Amino acid sequence: MKFNFSDYSFAAQVGTDLVNTSPEVRTVGDALADPDAVARFLTEHELRTGIITHGDAPSTRDVDDLHVLRREIRSILEMETEDAVAHAANALVERAGTGPFLDRDDSGRWQWYVATPANTSLGDELAVLVGTGLLGVLHTLSHDRFRHCTASDCRGVFVDTSKAGRRRYCMPGVCGNRRNVASYRARQLAADKARTQRKGRTDA
Ligand SMILES: [Zn+2]
């Protein structure tokens, strides 16, 4: 697998998405429960990993490896010091990373790349990808971009690579909406209560 070393946003987002497939975040269960789910994850993220390139399917071993990897990534996102993050993310890259090297992209421009050898396991390929993403965020943005989701009933974590750096939810489409619905209900409840109190005073 070969990927653009400069595109830390994409690599960090893969890390975020991988962590949040876990059943502790998803109330509906494990979003990476079997080889088919892993295949879908790779396709959705357009990850040209070794098994995709060779036309193979993920194995149950790959599933187990990704379950371990997502726990490791989560622990890195929750680390308290920058030095601990750098150490742990460097270790992910060292598992199989080679390079960086310079090559032309599809439009002919020179880009920095990192690669993994042909026989690297899927877990190690994604470890290298996500590891470089986390290092890129630490280097270019800052450690406070590693965050917990602010939706009260969500245990998700995420890396905020947005320009403004104001992202609050691990899965904005899901947790943001859930929170909007919850605050709408709370406002309705407060309005109902106020109405009842006013009515009580009028009746008295
Ligand atoms: Zn969330």
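**The pockets and their surroundings**

Modeller: In this predicted model, strand 1 (residues 2-4) supplies the largest share of the lining of the largest pocket, namely three residues. The space in that largest pocket comes to about 500 Å³, and of the 15 residues that line the largest pocket, K2, F3, N4, R48 and Y113 are the closest to its centre. Sorted by class, the lining of the largest pocket consists of seven charged, six nonpolar and two polar residues.

The second largest pocket holds about 240 Å³ of space, and its lining is made of 15 residues, with F5, V114, T132, L135 and G136 lying nearest its centre. Helix 5 (82-94), strand 2 (98-104) and helix 6 are the elements that each give two or more residues to the lining of the second largest pocket, and helix 6 gives the most, with five residues. By class, the lining of the second largest pocket has nine polar and six nonpolar residues and no charged residues, whereas the lining of the largest pocket includes seven charged residues.

Within helix 2 (residues 35-44), the residues A37, V38, F41 and L42 are buried. Viewed down the axis of helix 2, these buried residues fall within an arc of 140 degrees, so they line one face of the helix. Just after helix 2 comes E46, which takes a positive phi of about 50 degrees, and R48 is among the residues closest to the centre of the largest pocket.

A last point concerns the cysteines. A disulfide is a covalent bond between the sulfur atoms of two cysteines, and the structure holds zero disulfides. C149 is buried, with a relative accessible area of 8%, and C154 likewise counts as buried, at 9% relative accessibility; the cut-off behind both assignments is a relative accessible area under 20%.

Definitions and conventions:
Residues are numbered from 1 along each chain as its sequence is written. This is a predicted model: local features need pLDDT of at least 70, side-chain atom pairs count only at pLDDT 80 or more; totals for chains, interfaces and linings use all residues. Side-chain values use heavy atoms; hydrogens and water are left out. Buried means under 20% relative accessible area, exposed over 50%, partly exposed in between (1.4 Å probe, protein chains only). Helices (H or I, at least four residues) and strands (E, at least two) are DSSP runs, numbered from the N terminus. The arc is that of the directions from the helix axis to the C-beta atoms. On a 1 Å grid over the protein atoms alone, a cavity is a set of points where a 1.4 Å probe fits but cannot get out, and a pocket is an open set with protein on both sides within 12 Å along at least five of seven lines; lining residues have an atom within 4 Å of a point. Grid points are joined across faces, edges and corners, and a volume is the space filled by probe spheres set on the points. Ala, Val, Leu, Ile, Met, Phe, Trp, Tyr, Cys and Pro count as nonpolar, Asp, Glu, Lys and Arg as charged, and the others, Gly among them, as polar. A disulfide is a pair of cysteine sulfur atoms within 2.5 Å.
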